[in-house]
Structures are given as C-alpha cells and as structure tokens.
Number of protein chains: 4
Amino acid sequence: MILLDYRDKRPIYEQVVEKLEKLIMGGALETDSRMPSVRAMGMDLAVNPNTIQRAYNQLEQEGYLYTVSGRGSFVAPESEWREGKKKKMLAEWRLVTERAREAGLTREQLAGQLNQIYEEVQQA
Amino acid sequence: MILLDYRDKRPIYEQVVEKLEKLIMGGALETDSRMPSVRAMGMDLAVNPNTIQRAYNQLEQEGYLYTVSGRGSFVAPESEWREGKKKKMLAEWRLVTERAREAGLTREQLAGQLNQIYEEVQQA
Amino acid sequence: MILLDYRDKRPIYEQVVEKLEKLIMGGALETDSRMPSVRAMGMDLAVNPNTIQRAYNQLEQEGYLYTVSGRGSFVAPESEWREGKKKKMLAEWRLVTERAREAGLTREQLAGQLNQIYEEVQQA
Amino acid sequence: MILLDYRDKRPIYEQVVEKLEKLIMGGALETDSRMPSVRAMGMDLAVNPNTIQRAYNQLEQEGYLYTVSGRGSFVAPESEWREGKKKKMLAEWRLVTERAREAGLTREQLAGQLNQIYEEVQQA
DNA sequence: GTGGTCTAGACCACG
DNA sequence: GTGGTCTAGACCACC
C-alpha cells in the first residue's frame, strides 16, 4: 500500500504523511473509515510506531484525519481539508513560479508545460 | 545586504546560498567582482567564517562563483550557471505544478496566476 | 582497512574519499551495505568525525553513497556512479596522455605499457 | 607569451612552471639563452617577483634552467632534463592508466584514444 | 545511536 | 590577509 524510500532526504514521517495525503485526496480512503492503528501500520512499514503517530498527528492538524479517544483515527470528510490544501498549494506554486521566472524561464515555456501537465491527466 | 532568519529551519549556510544566488541571478553582482572574504561576511552576519565558507563552496560547485585560494572568491560569468539553473528550476516547477493539479487547482486558475506573476515584473 | 599518509600533501578527507572510491569500485563493499558511522570511522583512523563526514558528503555527491539521516550511510548501486566515473576518467587519461606525448614518449612505448597494465590484472 | 588562468585551482607559480616547461620542451627557448629576470617577468605577468623566483627555483631543480650567480637564469640543454622528464611522465601515465582500468575502461577504448591522440599531432 | 549543523580556535600555503 | 583544512566540543532532529 505504501512504499517508503529510505534514500529520500526527508524524514520518514513526512513521507508517510505525503502518501496518506495523496490516498485521501484521491478518494482511495473512504470518509469516516477507520485508519489502521499506529502499531499495525508501524509493523506493516517496518517502522517505529512513534513515527506513524507523528504522521497521524500532522494529518489530523491538517484536517485529513480526526481522532476519537480510545477508538482510533478516522478519515475526515473532504470539506475539512479541501480549501486549506488548495490555499497552501497555491501559495507554494506562486513561490516556485516566481523563482522560475527569476531563473529566466519565459511565460511561454511555463504555459506550454502547464498545458502538457493537464493534458496528461485528461487522457488517463 | 543579507538578512538571516534564525527561526527558519533550514541551515544558515543554505539561506546564505539562496540569497546570494538571487543577487547573482538578478545581476546585482558584477561578473568577476570580488565577494567579501569569508571572515568579513562572517563578521557582517554574526556567523562563523566556516559557515560562510560552506556557502561559498556550494555556490562555486553550482557555478555561481569561482575561488582563487589566497585571493578571494569572485562572481562567475552568467554562462557558467544559466543553463543548469534553468533545467533544475523547470524540473522543480513541473513537480509542484503536478501536485497543485492533484490538490484540485484548475488549469485556468494557474494560468491566471501565471499571467499575474509575469505582469508584475513587466511593470517594474 | 584504510591507511592514511600524513606526509601526503592532499587533505585527509580526500585521501579517505579516494580509498573508499576504490573499495566501492572494486566491489569490495556490497550494494546497500552500511558504512561505518562517521564517529566510528573517525575513531578508527584517529581523525575527527567531521573530517569523515566531509568525505562521506563528497562520496554521496559523486553517487557512491546514499545517506539516511539518523540511520547511516550506505553503498549505492553501481548504476549510480559507473557512467559518470568513466567519463571523468577518460577525460583525465586523455590529458595525461597528451602531456606524455609532448614529453617525448612514443606511441609504441605507451601501447606496450598499456598491454602490460591490462595483462597484470588478467593473471589475477 | 604566457597567459595565467586565475580560476585555476593550482598555485600561480605552478602554472608558470608548467608553461615554461612546455616552451622549453617545445624548443621555443634556445639552449643557453638568458631568461627574463624575475622582476621583469613579474611585471609582465602582473605577479609578485617571489612567485616567479619560486617557479625558476623549481625549474632549476628539474634541470630545465641553470643559474649563474649575479648573471641570471639560463635555459639548460635538453640532455639535462629529457630523461628525467620522460621517467616522471611515464610513472604518472601508468598510475592514471591503472585508475582508468579500475574505473572500467577497456584496453580497446584506451588503445583507440591513444591512436587518435598521436594522429592529431601527425597532421599538424 | 545516527547524521547534520554550527562555533571557536588553530595551522598551513599562497601571494 | 585570504581561502583551505582540521580539531574539539556542542546542540538538534530523527528513529
């Protein structure tokens, strides 16, 4: 389900967060369904449960999960995180785009890439 | 000239690298002009000279500076780094744009932002 | 395993890099096997851990190692460095050969040496 | 006559040595002709006379020059340095060739390059 | 425990 | 004085 890349420079918990974010965003995990316990997922990924706990905490903070004491963590409804995520992504995208412009990339080049990226998914 | 943000989680030397990259890319530093000595800039930023040296080393590796031992570090001509930088930026920009698409941002939204970012600079 | 030559004018970290390059190139270190920690190898060679870290960093940059913060450094698969190394070596070899020609060495002399060098290893 | 590359990592005096070696080896400087004084050549290259002195010293040690106290430095006859130079070059060439072999370059590749390098000069 | 960063202070070659 | 290297010792995040 999740594959870790140990050669990645980022901490493990961040990779777990990223993968789970994608799964939730992509609709692969149903709203209000129960997430595996930190211990179970820790076993599964051959990783310390603390690391999973940390990932869950961050996901909860970002609105992807909600926790019921003593019951576990559950997938939050899209409304909880959709807008926040969009805002964050847009801010990051603007930053990177500005740096791209400073590096000498033209508007035309980026516009071309943009079309390409959105067409790829259209075909799929 | 350079302001450090000690609350930033990135290492100091990386912040220095980033700021100097921008200055050089923006043409603020003339080709072949001498950079401040590692000691001088260390004093200036209230930072250990070794930290500055690390930044200078990275900048040299990326082609922004060239160093003459015992004489100082100098700004490299644009031809040394321009193409490499463009390639790296384009790759990064594609990654972020793909993630933006996955987060639900539409092509129209991004295209609008793109125009806005490039118009800003046109006015300046 | 590694012997340092303190009379050598090259920096220690470079000597370490060179020796480890040879070990990895020669296949003496298995892919994905863990390198000694910087502290351990520092103790071993009676050298500051920072010096070893510098060597590891350079090896990582050249593609011989990959590092997982908090876990250790590991031997990268051959595919990571083989081609780059070949190119660099060929360039260096051409330079030295041209200088040998200028010094008056004949093509026949060098060709003879060449055969000798490659036969040595054939016997082994 | 001599062009210094300030971006070269090697010390200046070494560059001067190298260039003068080539000139003498190539026969551009007549045997027993007088070299410019260290002061004159220092002026010429916009370099400290000490640096030139150091280069002359090394050239003398390698047999390319001989010094007559109070008269100056003179170009030594070829017999003085030819054999020593060949030996040194051959040793260096063997080292680099062995490293090339270790890096995975084949005998055929190097033999091909060898022919190419010697043919270039034949045409000239 | 690991690697990553930083500091303070030292010595060296070079020019 | 400059960059380059090295040491000893410190603190941090991650696991």
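A residue is called buried if 20 or more other C-beta atoms, placed from the backbone, lie within 10 Å of its own, exposed if there are 12 or fewer, and partly exposed in between. Helices (H or I, at least four residues) and strands (E, at least two) are DSSP runs, numbered from the N terminus.

This is a predicted model, in which local features need pLDDT of at least 70 and side-chain atom pairs count only at pLDDT 80 or more, while totals for chains, interfaces and linings use all residues. Residues are numbered from 1 along each chain as its sequence is written, and chains are lettered from A and ligands numbered from 1 in the order in which they are written.

View 1. Helix H4 of chain C covers residues 82-102. Its 21 residues reach 30 Å from the first C-alpha to the last, close to the 30 Å expected at 1.5 Å a residue; the expected span is 1.5 Å times one less than the number of residues. Look for C:Lys85, C:Met89, C:Trp93, C:Thr97 and C:Ala100, the buried residues of this helix. They fall within an arc of 90° seen down the axis, so they line one face of H4(C); the arc is that of the directions from the helix axis to the C-beta atoms. On the other side, C:Glu83, C:Gly84, C:Lys87, C:Ala91 and C:Leu95 are exposed. Just after the helix, C:Gly104 takes a positive phi of about 105°.

**View 2. Two loop residues with positive phi.** In chain C, the loop between helix H1 (12-25) and H2 holds C:Asp32. Phi of C:Asp32 is near 70°, a positive value in a residue other than glycine. C:Asp32 counts as exposed because it has 12 C-beta neighbours inside 10 Å. Now turn to chain D, where D:Ala46 sits in the loop between helix H2 (38-45) and helix H3 (49-61). D:Ala46 is not a glycine either, yet its phi is positive, about 55°. With 7 other C-beta atoms within 10 Å, D:Ala46 is exposed.

**View 3. Where chain A meets chain B.** Two residues are in contact if their C-beta atoms, placed from the backbone, lie within 7 Å. This contact takes 28 residues from chain A and 29 residues from chain B. On the chain A side, helices H1 (12-25), H4 (78-102) and H5 (107-123) each give two or more residues, and H4(A) gives the most, with 15 residues. Copies are superposed by least squares on the C-alpha atoms of residues with pLDDT of at least 70 in both. Chain A can be laid on chain B with an RMSD of 0.6 Å by a turn of 177° and a shift of 0.1 Å along the axis. The two copies are thus related as by a two-fold rotation axis. In chain A, the C-alpha of A:Ala111 is nearest the axis, 3.5 Å from it.

**View 4. The surface near DNA strand E.** A residue is near a strand if its C-beta atom, placed from the backbone, lies within 6 Å of it. There are 25 residues around DNA strand E, and B:Ile12, B:Asn48, B:Gly70, C:Ser37 and D:Ile12 come nearest. Among the elements that give two or more residues to this surface are helix H3 (49-61) of chain B and helix H1 (12-25) of chain D. H2(C) gives the most, with three residues.
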